[in-house]
Amino acid sequence: MTYVSRLAACAALLGIVVLGLGPARAQYIPIYVDPPPIEYIWNGVNGGNSGPYEYYTGHYDWLSGSEWLGGSVPPDGVDVLFPDSYKGAQPRPIIGAGKLLNLRSLWVEAGIWYTIFGDQLTLGFKSGEVDPYLLVVNSQDLQNTSEHRLELDQFTIADYHHWRGVGKIENYSEGGLGIGGDGELGSGEINLNNQHIQIGGMGATHFWGQLREGILSIEEIKAGLIPGGIIDVGLFGGVEALQPQPHFILQANNKDWNGKLRVNARGFAIIKADQALGIRGEKRVYNGGSLALRTHLGAALGYMPPKDGTTLQITGAGIIRREGTDRIGALYNDGGRTRFLMPVQFSGDTRFGARGDRAGGLELAGRVYNNGTGSFIKVGPGLIMLNNSATGAGANSWTGDTVIHGGVLRINNANALPSTSNIVFESGTNGPSDHGAYASGPSYGGILELGYAGSGAGGVHNFTLGTGPGQLRWEGSGGFSAVGADRTVTINGGANLNWGATPHFVKSGDALLLGSRYATHNITLTNGIRTGAGIREIRVERGVGNAHAIITGELGINADNSGYRKTGRGLLHWSGSGNFSPKSTSRRVIIEGGALRLPQGLLADVSLRLDGGVLGIDADFTFMLGSGHGETIWLNGGGGFAAYGGTHKVWFPGGSVWLYYPGELRFGHYTADGTVDFRLNLTLGTGGTRTIRIERGSASVPRADVVLSGTLSGSAPLWLVGDGRIDLSANTTNTGNVSIYGAEVRLNRQGRLASVSKITLAHNGTLFLDDVGTHDSQTGGSYRADRINDDATIVLQGGTLAYRRSSVSPAPEKVGELTVTSGQNSIQIFPFSGAAKGSFSEIHATSLQRDASSRGTLHFSEKSSRLRLDTSASGHNINAAGGVRIMPWATAITAGGWVGRALPKRPPRAVSTTSRHWILTTRGQMTRGRHRAMCG
């Protein structure tokens, strides 16, 4: 038998390095393993009966000679092939294999989804020493893909009496190869018979079954066999660049398995169950390989210490999983939340990685140590937690650096991070550093997340800058966040830190990072920061709830053409004093993301530039347009304001403001609990679409994130987007179409859109006509006639139209055509307080339509309210699809939440345009009455 890598030979002759960069087929040289001459080939003539499995279409009998080419059932010790096409042509055949099969090897051509089930399958039977291939899934030029399942009570490798050497199991199909048991349940057993197997190929090979403990006989001891056998993931000692990247998944609890597991260069092994690695024996990740832990967010994995104290040994940077990305780590969290208590020993510089699940992470609760001088390097965008609180011999221990190259490294207690290690933030634009290849590549920086009280007064975490044990240094972007409680950090005793000049503080071109996606509480930095010469980035990520970052030291801009860039979605509250010496005309504060709160007195000495973020205000704010000191300018990214602690007015002396295009006017922030009262007249102009984005805040009672007290004018289309609430309290004259995407728009007080002819409500967008409330109260409102145009078209694309009428409102609201085009829509017409029994609140419309091809629905969700289709309308086409016109796509919802389908009480008939009309009642029935109305 020969192993053919069709381009590898040419590549070797030409000195070409062949890079394998992940399990995707496009990343590899096509590889095909030539099978030996095979006599027994599946043909599947008489099958196709209903099988016991829901997802499979054909049930065949292995023991029927008519199912095989040549008409004979394979005897023991032969090679068997399942081709990529056969006479039965079922796409997912099931083959019942009976009690006991003993094969020399099993071959599958990808393309057909084969499932073989039975009691026991043994491979390597009479194989001899010259043929290493036991189980191979081939794929012609890696084009065919399919999944293959060996659902067996026992999968066995023949013992050393039949063959000796390294047996190969290789899957070259992107579909998985599952072995043992019945999939996720892992009920079967896998017996290696103390033999040595190698997992290869480029697809995933799953061991569903439980690996069996190996006990050596005297003969096996003499033969040099290893108890429990050996599993190599990838070629042991092989050249990394010239082999595929196998993907091996252990899904069962192997609590008694005592064999060796070696994850070699380009090997990727994944464990999904407690004790999947087994006990005793070598459990090791070699340089260039990765061991991953994978679970699901709804079911965290707890990996307990093996009963014999076996240690996982790892080294290196791990695999490259996808072309163009960095190495993922020798130990890697591949999704979900895992608590790993098995001791981990790493040697040399070693990467620990995690993908960026917001609710996941890897908790290393057992001992992590290095008896040499290698560094612990955190990589990847996700979370790794150090949570071993032991002291003495059981403590975490290493003398190399603790490098945070990406994502978050959380320290849960004071003993988890060795005091003998230097903490290094290493990423950003400065390129490779002392850690060479392990630190190169693109990265957004790393966060040290503090999950315990510091040793300083009041629980402050005190750090000193330097390269020694227990000290801290920046070699790239990095910073801090907090979990469990608010945390405070003081560096170098609280001295002012000069960006790019203070030794070991943040360098020019790198960012100070505060907060993380996993942070639950506020992080405070007490130091003052001075820019030096340059624009310095402070990035604050959005955490859980209202977690944000605070700097209490001075805001220093001490050079020309210098200042700060606030980036990230989170809030930075800089509460310190300002230091602008020497004063110049080029000091800038640029808000590119999230929110920035500053003492407003400082803004007189800087140029405020809005480029994607909002300025947080604690009081009324008057600004001047321009680029000089004390002035505000909108850049291409747009921006605006968010209010904290109440309603705060924003205005500037002078008339209207043209809403910049293509930038956005933005209001609100998820941490803001107040309302911006924007008292400017906005001129939308005539060309291009104008956008106002609103982000919902954190107020404990309903209130607007922004109220536009000024007018809107112009003919340009206006988009109101986001998840927040914007109130219009003035009579506007803008005539362009208005689209509401996600946001809630309330027209209250004098608020009107009476000049707009088309309003679209989409993606949970809401238009609320409110005669009762104000921007911060459910009372105090006033009636205003014709809040929207009587002839305006309302297009419903997954939106809501709401109307709350006051007891003094003399007339209902009226619109033109109501059109349902897509999504789940609703009309909410609230009964007014004090209404007499049997009275209704109404919206009038000229027609209610839905296109025949639409799947949109319409719900009415308030009792004692109705939508009336006026008899003055030119037509009452309420179901353009024709039929009996009873609107089966419109439903009514009672106060108890019951949803009924619109059904006629009487025999079906067409709806006429006479003085008597059909009514959709609260029970979803069509009844005949004097008014044609949609009742909720």
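**View 1. Tyr303 is a buried residue, at 0% relative accessibility.** Buried here means under 20% relative accessible area, with a 1.4 Å probe and protein chains only. Phe340 counts as buried too, at 1%. This is a predicted model, where local features need pLDDT of at least 70, side-chain atom pairs count only at pLDDT 80 or more, and totals for chains, interfaces and linings use all residues. Residues are numbered from 1 along each chain as its sequence is written, and side-chain values use heavy atoms, leaving out hydrogens and water.

View 2. Rings of Phe, Tyr and Trp (its six-membered ring) pair if their centres lie within 6.5 Å; planes under 30 degrees apart are stacked, over 60 edge-to-face, and the rest tilted. Here the centres are 5.0 Å apart and the planes at 40°, so the pair is tilted. Tyr303 belongs to strand E24 (residues 301-303) and Phe340 to strand E27 (residues 337-340), so the pair ties together parts 37 residues apart in sequence. Strands are DSSP runs of E, at least two residues, numbered from the N terminus.

**View 3. Phe667 and Phe678 form an edge-to-face pair.** Their ring centres are 5.0 Å apart, with planes at 65°. Phe667 sits in strand E61 (residues 664-667) and Phe678 in strand E62 (residues 675-678). Phe667 is buried at 1% relative accessibility, and Phe678 is buried with a relative accessible area of 1%. Ring pairs join both into a cluster with Phe621, Phe623, Trp634, Phe641 and Phe652.

**View 4. Arg542 lies over the face of Tyr670.** The distance to the ring centre is 3.8 Å. A charge sits over a ring if NZ of Lys or CZ of Arg is within 6 Å of the ring centre and within 35 degrees of the ring normal.

Note on methods: Helix = DSSP H or I, 4+ residues; strand = E, 2+ residues; numbered from the N terminus. Buried < 20%, exposed > 50% of the residue type's maximum accessible area, 1.4 Å probe, protein only.
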